[in-house]
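Subject: Structure handover

Hello,

Please find the structure below. My notes on it follow.

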Amino acid sequence: MKKYLLIALAASMAGLNSCNDDFMEKLPVESQTPASAFKTYENFKTYSWSFYSVFTSSSILRRAAGKQGYASAPAYLSDVFAGYLTRKGTSAYNPYAFQTVTNSATGNGWDFTEIRNVNIMLEHINDSEMTDSEKEHWRSVGYFFRAYSYMELIARFGDVPWVDKVLSDTETEIAYGPRIDRKTVADNVLDDLLYAEQYINANGDGANTVNKATVQALISRFALFEGSWRKYHNLGDYDKYFNEAIRSSEELMKSYPTINANYGEELTSNLAKMEGIILFKEYDTDALGHTTSTVERSSTHNIEMPQYMVDMYLCEDGKSISNSSLYEWGNTDKSMYSTFRNRDKRLLLTVTPPYEVTDINSSSDWIYNSNEASKEFIDIVGAATKEESSSMHKGLPLKNHAGLVLKNIPNISTNSTKPFCVSRGGYYVYKYYNLWDNQLENKNTFDVPLFKMNEVLLNYAEAKYEAGIFSQNVADATINKLRERANVASMQVSEINESFDEKRDPEVDPVLWEIRRERIVELMGEGFGFYDVRRWKKADWFVNKHQYGMWIQKSKIGNGKLVNVDTKLPDTSLSEGHIYLFDDPVSSGKGWLDKYYLYQVPTNEIALNPALAPNNPGW
């Protein structure tokens, strides 16, 4: 797939694409018209490469990590908005928690560019020289990419215009018409995807191209999203969507019976031969690199995890920290070591666990301090080699992109002499960190998954619950396959009751809470959070949480503050406690607003087309 960028550029130069974002714009008049360019199978194949850029589009929140500017991976942003993660800066509070989301005159994801480009191709299929089966294939490819863009538009705005053709000068009723009910648009999207599933070439157009499995993966994702949105936002007519999520997921589970054995490795590896990967964005040193891991090995990365989300991870016995005898924090001591000990290994591979090294000897072995615990998590995660190049997915101690060693975690910003891999609250997120990749600027080459079986298994489990048919067999086929890689005991559905987790949302059924917990943990940092908390209509529960950091002695954080978790205020009298990050949004008179469930339609768009009014509720 790395070649599509170069081909897309050539297509644009040939006049096949337009740079105008307005979905109402007509066909451009060029020396070479689209009608003369769309003749053969290869014509359509060349044109379609540009569609793949939608996976890194800034108009889509759940976009792939990669080269999006020298800053933290955009894949984290959705989980920041959801309240799962936070950013390091003292003023980098969640805009949805503190009501700082501003009105939008333009942009805001109101973007029909990709839809228009797809419609241009679809309009010329029947007039081409292709066979009927070839026409069906390219119609299916077009439907897939149009559906992908429309899924985002529905998720953001709800009601949107439905445009399934290139508009002529006389079609003003569509061009300047109203938004269409989201249920109608969603049903159109599902119909397109079901057509694509039936008629697309099973193997696509070669390795790592959109094929039947990719279409099924999008059906699984979209159907779960739309079904749960309709259910929890009281729109009705959701059963067919849960059934489609189940059906499409089952088909994929037959085609992809195994997943990669190493959790998180699919985010830091070359993916061409990895089990459980359906479609991925490919990077290559010569054609296209990115900076994701380089940033996480620098002072630029600013993503960390608040304490309450660290607490979401289960212990190795499959129980919550409220009920597990394995959870040591507060019993033996209140150190970071006791927080991470005996926990779901996915926590250790998402948030850097504690360690301390003093030096490295002539045999390239790390020298630890006298505290035996200082190497405990290095042994679990793996010891980094002295050499910069390594085949390891993860390795401790951390190193910056120049190979300098960070001798201890936690590495608190107000008390550290090290300029890289710094956190303010103690829990440094390093989901895309790896040691093997070329760490020069713009030269990371590990691939990024776009669709993978980890998500499909979770979609299946949740849809089964929503359809009223979740069982131990379903748990074994989905959640317990994921837990096996994380050294967590299997979910035993019969053991989950009201007292299983004292900290859960009491309005959510205990079994559903555990299914959702598994999704949060497994897909942490991969761009799903803000979509999930909104479709569950539970954004207030997550976003309104008081964000604070780890427990620590005041003497170790310099000018940093500690917070009294009962009063939710900074407390200068404390000699130890949790690190203050931000005020509690609810106590501050702020917090999630229901209008945030849907985005604002940009005001300039309504000015151009008054039929788009009224705006979404509250805007």
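The charged end of K394 sits over the ring of Y430, 5.0 Å from the ring centre. A second case is K545, which lies over the face of W541 at 3.8 Å from the ring centre. The criterion for a charge over a ring is NZ of Lys or CZ of Arg within 6 Å of the ring centre and within 35 degrees of the ring normal.

Before the rest, the conventions. This is a predicted model, in which local features need pLDDT of at least 70 and side-chain atom pairs count only at pLDDT 80 or more, while totals for chains, interfaces and linings use all residues. Residues are numbered from 1 along each chain as its sequence is written, and side-chain values use heavy atoms, with hydrogens and water left out.

Overall make-up: the protein chain has 22 helices and 11 strands. These are DSSP runs numbered from the N terminus, with helices being H or I of at least four residues and strands E of at least two. Of the 619 residues in the protein chain, 59% are buried; buried means under 20% relative accessible area, exposed over 50% and partly exposed in between, with a 1.4 Å probe and protein chains only. Among contacts in the protein chain with a separation of 6 or more, 71% are between residues 24 or more positions apart; a contact is a pair of heavy atoms within 4.5 Å.

Aromatic pairs: rings of Phe, Tyr and Trp (its six-membered ring) pair if their centres lie within 6.5 Å, with planes under 30 degrees apart counted as stacked, over 60 as edge-to-face and the rest as tilted. By this rule there are 46 aromatic pairs. F55 and Y148 are edge-to-face because their ring centres are 5.0 Å apart and their planes stand at 80 degrees. That pair links distant parts of the chain, F55 being in the loop between α3 (41–48) and α4 (77–81) and Y148 in helix α6 (residues 132–157), 93 residues apart. F55 is buried at a relative accessible area of 1%, and Y148 is buried at 7%.

The rings of W110 and F157 have centres 5.0 Å apart and planes at 80 degrees, so this pair is edge-to-face. It joins W110, in the loop between β1 (86–87) and α5 (113–123), to F157 in helix α6, 47 residues apart. W110 is buried, with a relative accessible area of 6%; F157 is buried, with 0%. Ring pairs also link a cluster whose members include F38, F44, F55, Y148 and F451.

Helix packing: α3 and α6 pack at about 10 degrees, with axes 11 Å apart. Axes are lines fitted to C-alpha atoms, for helices over the stretch in contact, and angles run from 0 to 180 degrees between N-to-C directions. That makes α3 roughly parallel to α6 (under 35 degrees; over 145 is roughly antiparallel, 65 to 115 roughly perpendicular and the rest oblique). Y41, F44, K45 and S48 in α3 meet E134, H137 and W138 in α6.

Sheet: four strands form an open sheet in the order β8-β11-β9-β10, with antiparallel pairing. Two strands pair if DSSP finds at least two bridges between them. β8 (548–553) and β10 (569–570) are the edge strands, each pairing on one side only. β8 and β11 (residues 576–580) pair over four bridges.

Lastly, R516 lies in helix α19 (residues 510–522) and is buried, at a relative accessible area of 4%. Leaving out residues up to four places away in sequence, R516 touches Y232, E466, V508, W536 and K538.

Regards
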